[in-house]
Amino acid sequence: MSDPHYFIGLKTEQAADHLLLWQQELREHMQYKVWTNPSDFHVTLKFLGPASDEKINKLITILHQQELPDAFSITIGPAGGFGHPQSPRVFLAEVEKAPQLEKLYQQVEKAAAASGWDRERRKFHPHITLAKKQAEGQSPLSLSNVPPVFQQKFPMIMDHVTLFRIHPGEHPKYQEVFTIELKSRDGNGSTN
């Protein structure tokens, strides 16, 4: 049996209601093969792929030793996509690349590298995937009058980093394995 797959990310449950409205509006314009379960909305910091328990435990230990940033606020939105503007293969919510988010990303990359993973070569593009594997339809973002819902921006507090295990074929498919709470401005933070 092969090792399970993992990633490190930021849960975005505070934004789930907004993002679910975006998905509902998007369904009126496009048909995607895969729609993200609202319980699975997240910002990926590091895709790890398959990993043994030993390697995951080493990563958790190193993450504990990192000087992670305090909890911070970011802006979610507007909507965007990867691929052709009229039919993006991924439809997403953009995420502000705040300095604290960039610092957190770098710290996660550092911990993963120290645990045996390769550093990411692609530029960090924080986002929340709403749907992927486009089948048919025209992106509402390519219309002359983009529906206002996709232009919305809203704030969200990022206050914890989570290690997720991926369960393909299940809904929701991401299981929280370990969480590190980022310190609040009053200095409190914990791990689970």
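Reply: Happy to! Trp-22, Phe-91, Phe-150 and Phe-154 form one aromatic cluster. Please keep in mind that this is a predicted model. Across the whole structure, a search turns up eight aromatic pairs. One of them joins Trp-22 and Phe-150, with ring centres 6.2 Å apart and 70° between the planes, an edge-to-face arrangement. Trp-22 belongs to helix 1 (residues 16-27), while Phe-150 sits in the loop between strand 6 and strand 7 (154-158), so this contact ties together parts that are 128 residues apart in sequence. Trp-22 and Phe-150 are both buried.

Another edge-to-face pair is made by Phe-164 and Tyr-174, because their planes stand at 65°, over the 60 degrees required; the ring centres are 6.5 Å apart. Here strand 8 (residues 160-166) supplies Phe-164 and strand 9 (residues 174-181) supplies Tyr-174, so the parts tied together are 10 residues apart in sequence. Phe-164 has a relative accessible area of 2%, so it is buried.

Charged side chains also visit the rings. Arg-27 lies over the face of Trp-35, 4.0 Å from the ring centre. Likewise, Lys-55 lies over the face of Trp-117, at 4.3 Å from the ring centre.

From there we can move on to charges that meet each other. The structure holds four salt bridges. Among them is the one between Glu-176 and Lys-11, whose closest N and O atoms are 3.7 Å apart. Glu-176 is in strand 9 and Lys-11 in strand 1 (residues 5-11), so this bridge ties together parts that are 165 residues apart in sequence. Glu-176 is partly exposed, at 42% relative accessible area, whereas Lys-11 counts as buried at 15%.

Lys-46 and Glu-109 form a further salt bridge, with 3.3 Å between the closest N and O atoms. This pair links distant parts of the chain, Lys-46 in strand 3 and Glu-109 in helix 3, 63 residues apart. Both Lys-46 and Glu-109 are buried.

Arg-122 and Glu-120 also meet in a salt bridge, at 2.8 Å from N to O. Arg-122 counts as exposed, with 63% relative accessibility, and Glu-120 as partly exposed, with 33%.

One last stop is the largest pocket, with a volume of about 1100 Å³. Of its 35 lining residues, those closest to the centre are His-42, Thr-44, Phe-47, His-127 and Thr-129. Strand 3 (42-50) and helix 3 (99-114) are among the elements giving two or more residues to this lining, and strand 3 gives the most, with eight. The lining comprises 16 nonpolar, 10 polar and nine charged residues.

Note on methods:
Residues are numbered from 1 along each chain as its sequence is written. This is a predicted model: local features need pLDDT of at least 70, side-chain atom pairs count only at pLDDT 80 or more; totals for chains, interfaces and linings use all residues. Side-chain values use heavy atoms; hydrogens and water are left out. On a 1 Å grid over the protein atoms alone, a cavity is a set of points where a 1.4 Å probe fits but cannot get out, and a pocket is an open set with protein on both sides within 12 Å along at least five of seven lines; lining residues have an atom within 4 Å of a point. Grid points are joined across faces, edges and corners, and a volume is the space filled by probe spheres set on the points. Helices (H or I, at least four residues) and strands (E, at least two) are DSSP runs, numbered from the N terminus. Ala, Val, Leu, Ile, Met, Phe, Trp, Tyr, Cys and Pro count as nonpolar, Asp, Glu, Lys and Arg as charged, and the others, Gly among them, as polar. Rings of Phe, Tyr and Trp (its six-membered ring) pair if their centres lie within 6.5 Å; planes under 30 degrees apart count as stacked, over 60 as edge-to-face and the rest as tilted. Buried means under 20% relative accessible area, exposed over 50%, partly exposed in between (1.4 Å probe, protein chains only). A charge sits over a ring if NZ of Lys or CZ of Arg is within 6 Å of the ring centre and within 35 degrees of the ring normal. A salt bridge is a side-chain nitrogen of Lys or Arg within 4 Å of a carboxyl oxygen of Asp or Glu.
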